[in-house]
Amino acid sequence: PFKRGHGAFAQQAMTWRPPVVAASAASVTQLSAAARGGRHFGRLSAPRCAAICRVLAPHRNLQAASTGRHFTNWWQRWVDGRNPDSPNAAAVARLLRSEGINPYLIPRDELEDFRKHYLTQLNWFAKAEDRTQKEDEAWAILQEKKGYVVARWKDMYKLQTPVEAE
């Protein structure tokens with residue numbers, strides 16, 4: 001007599017529709033955060049929060065902005081040498097920025113290759129005793145050997161100043 005998928009709960013799930021109410025972007029953001037985290041928002045469960053967000057978001061961009069991740073992610077932490085903790089990666093990112101290159105835009109394989117060459121110069125060819133002097137010497141040697149890469153990156157991955165970004 002009872003088939004799978006039937007009953008009061010299934011009937012409620014099939015007939016439930018999210019209420020259409022006017023909402024601000026903040027409430028959509030709160031609901032989508034509750035849906036992503038699997039938490040309850042008041043009496044609403046995560047799937048219902050997600051359904052309400054789809055209805056409340058007036059267009060795709062607001063929905064994507066409210067449900068998507070921000071750009072501060074693993075890539076920025078990896079490039080800056082914060083996760084995993086890598087002082088040499090942080091030094092490469094700092095030196096690239098001093099040259100006017102945005103390290104976030106460089107493809108991962110090229111950046112890894114450049115880091116490898118930097119570490120080779122730092123560990124084998126830079127002879128200074130002080131850490132900062134050794135880094136500067138390794139950068140100067142790397143500029144001689146891989147200057148064409150840095151010159152290409154200056155054109156392709158230019159670091160924007162705040163005035164240029166507007």
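A: **Rings, charges and the core**

F125 has the charged end of K145 over its ring, 4.7 Å from the ring centre, where a charge is taken to sit over a ring if NZ of Lys or CZ of Arg is within 6 Å of the ring centre and within 35 degrees of the ring normal. In a second case, R115 lies over the face of W78, at 4.0 Å from the centre of that ring.

The model is a predicted one, in which local features need a pLDDT of at least 70 and side-chain atom pairs count only at pLDDT 80 or more, while totals for chains, interfaces and linings use all residues. Residues are numbered from 1 along each chain as its sequence is written, and side-chain values use heavy atoms, with hydrogens and water left out.

Confidence comes next, since pLDDT, the predictor's confidence in each residue, runs from 0 to 100. The protein averages 75, and 54% of its residues score at least 70. Where pLDDT is low, the predicted coordinates should not be read in detail.

The secondary structure comes to nine helices and zero strands, these being DSSP runs numbered from the N terminus, with helices H or I of at least four residues and strands E of at least two. Of the 166 residues, 30% are buried; buried means under 20% relative accessible area, exposed means over 50%, and partly exposed lies in between, for a 1.4 Å probe and protein chains only.

L96 touches I101, P103, I106, L111, F114, W139 and W153, leaving out residues up to four places away in sequence. Its helix, α6, has A89, A91, V92, A93, L95 and L96 among its residues as buried positions. An α-helix has 3.6 residues a turn, so residues three or four places apart point the same way. The cover over the buried residues of α6 includes α5, α7 and α8. Twelve residues long, α6 reaches 16 Å from its first C-alpha to its last, close to the 16 Å expected at 1.5 Å a residue, where the expected span is 1.5 Å times one less than the number of residues. G100, with a positive phi near 90°, follows α6.

W153, found in helix α8, counts as buried at 1% relative accessibility. Beyond its neighbours within four places in sequence, W153 is in contact with L96, I101, I106, E110, F114 and K158. Of these, I106 is 47 residues from W153 in sequence, yet their C-alpha atoms are 7.9 Å apart in space.

The structure holds four aromatic pairs. The rings of W74 and W75 have centres 5.8 Å apart and planes at 80°, so this pair is edge-to-face; rings of Phe, Tyr and Trp (its six-membered ring) pair if their centres lie within 6.5 Å, and planes under 30 degrees apart count as stacked, over 60 as edge-to-face and the rest as tilted. F114 and W139 are also edge-to-face, because their ring planes meet at 75°, with the centres 5.9 Å apart. F114 lies in helix α7 and W139 in helix α8, so this pair ties together parts that are 25 residues apart in sequence. Ring pairs join W74, W75 and W78 into a cluster, and W78 is the residue whose ring face lies under R115.

Note on methods. Contact = heavy atoms within 4.5 Å.
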